[in-house]
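User: I'd like to talk through the cavities in this model, then a helix and a loop residue. Can you start with the terms?

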Amino acid sequence: MPSLILEGGTLRPIFSSGVMDALLDQDLMFPYCIGVSAGISNGFSYISKQKRRNLIIMEQYRHDPRYIGYRNFLRSRSLFGLDFVFGEIPSKLLPFDIEAFQNYNGQLLVGVTNAHTGLPEYINGMDVDEKWTMLRATCAIPLYFPAIELNGNKYYDGGLADPIPIRKAIADGNDQHLIVLTQPKGYVKKFSKQNAMIGKLFRNKFPQLEEVLLTRHEKYNETVQFCEQLEQDGKAIIIRPGQALNSFEKDINKLRYSCQHGYDLAMNNMKGIHQLFQ
């Protein structure tokens, strides 16, 4: 069975949205979809078959202070307006097609990081609640978001503990993969002093999270190498941008370009993607 793997990256997964728009144009719906952070959040519009929805959100609300702005810290302790992003937009401004979403017959998994254990967990995306709590959790970048409570536990960004959840997809029995990354080939994540600082801040409250933050770069780089080996072995197709995009990109034209770039690369690889289903 083929799987679709979606990396996060704040606004960088607008590239992934272009890839998924191409899949929708080809009427290709992966029976297994897993991802973290904004990658899987954008993936929900793929599951609901709403082409260009993620790009329209960027075009209309990227510069809206209700979407991203420091005043949101006063309302939700987050740089992002959580109730706006996960409330007004999907329910009123650009309605999410929940009926089409519920008609999806495959498996949808949302990766999150347990703040207390530091371990990755994978939540059934089809069980999403009205407040989109699991998506708030998978996008919860430390300092930019508060810890998100779900089912009695607190969670942060899924990309901390498992940035590219390919091994979970394999463990679930998938043998062919479309892996959508949001950094260009050759990108190497480096040790982050900011992560070290955040780890110290959380040391007393979430001691297991500190180690996750300190070794995040190692986990990421090793996982990319693993994905590349799968591609060499004929078990995966990797689609990634040709150039880097700022995680908090403000230029709408660059966001549009990244989305179109993802679409074009997916179309160029469409023959191989179709073969994943055979």
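Analyst: A cavity is a set of points on a 1 Å grid, over the protein atoms alone, where a 1.4 Å probe fits but cannot get out. Lining residues have an atom within 4 Å of a point. Points join across faces, edges and corners, and a volume is the space filled by probe spheres set on them. This is a predicted model: local features need pLDDT of at least 70, side-chain atom pairs need 80 or more, and totals for chains, interfaces and linings use all residues. Residues are numbered from 1 along each chain as its sequence is written, and side-chain values use heavy atoms, without hydrogens or water.

User: What lines the largest cavity?

Analyst: 27 residues. Ser41, Asn42, Tyr67, Val85 and Phe86 lie nearest its centre. H2 (37–47) supplies the largest share, six residues. H3 and H5 each give at least two. Helices here are DSSP runs of H or I, at least four residues, and strands are runs of E, at least two, numbered from the N terminus.

User: How does that lining divide by class?

Analyst: 20 nonpolar, six polar and one charged. Ala, Val, Leu, Ile, Met, Phe, Trp, Tyr, Cys and Pro count as nonpolar, Asp, Glu, Lys and Arg as charged, and the others, Gly among them, as polar.

User: And the second largest cavity, what is its volume?

Analyst: About 50 Å³. It has 13 lining residues, with Ser17, Asp21, Gln50, Arg52 and Asn54 closest to its centre. Helix H1 (14–25), H2 and H3 each give two or more. H1 gives the most, four. The classes are five nonpolar, five polar and three charged.

User: Switching to H5. What does it span?

Analyst: Helix H5 (residues 82–93) spans only 14 Å between its end C-alpha atoms. A straight helix of twelve residues would span 16 Å; the expected span is 1.5 Å times one less than the number of residues.

User: Which H5 residues are buried?

Analyst: Leu82, Phe84, Val85, Phe86, Gly87, Ile89 and Pro90. Buried means under 20% relative accessible area, exposed over 50%, partly exposed in between, with a 1.4 Å probe and protein chains only. They pack against H3 (53–61), H4 (72–76), H7 (133–138) and strand S5 (148–150).

User: Last one: Asn174. Buried or exposed?

Analyst: Buried, because its relative accessibility is 3%. Asn174 sits in the loop between helix H9 (166–171) and strand S7 (176–180).

User: What does Asn174 touch?

Analyst: Beyond neighbours within four places in sequence, Asn174 is in contact (heavy atoms within 4.5 Å) with Met1, Pro2, Ser3, Tyr32 and Ala169. A polar atom of its side chain lies 2.8 Å from the backbone oxygen of Ala169.

How values were computed. Polar contact = N/O pair within 3.5 Å; in protein donor to acceptor, adjacent residues only side chain to side chain. 1 Å grid on protein atoms, 1.4 Å probe; cavity = no way out; pocket = protein on both sides within 12 Å on 5 of 7 lines; lining within 4 Å.
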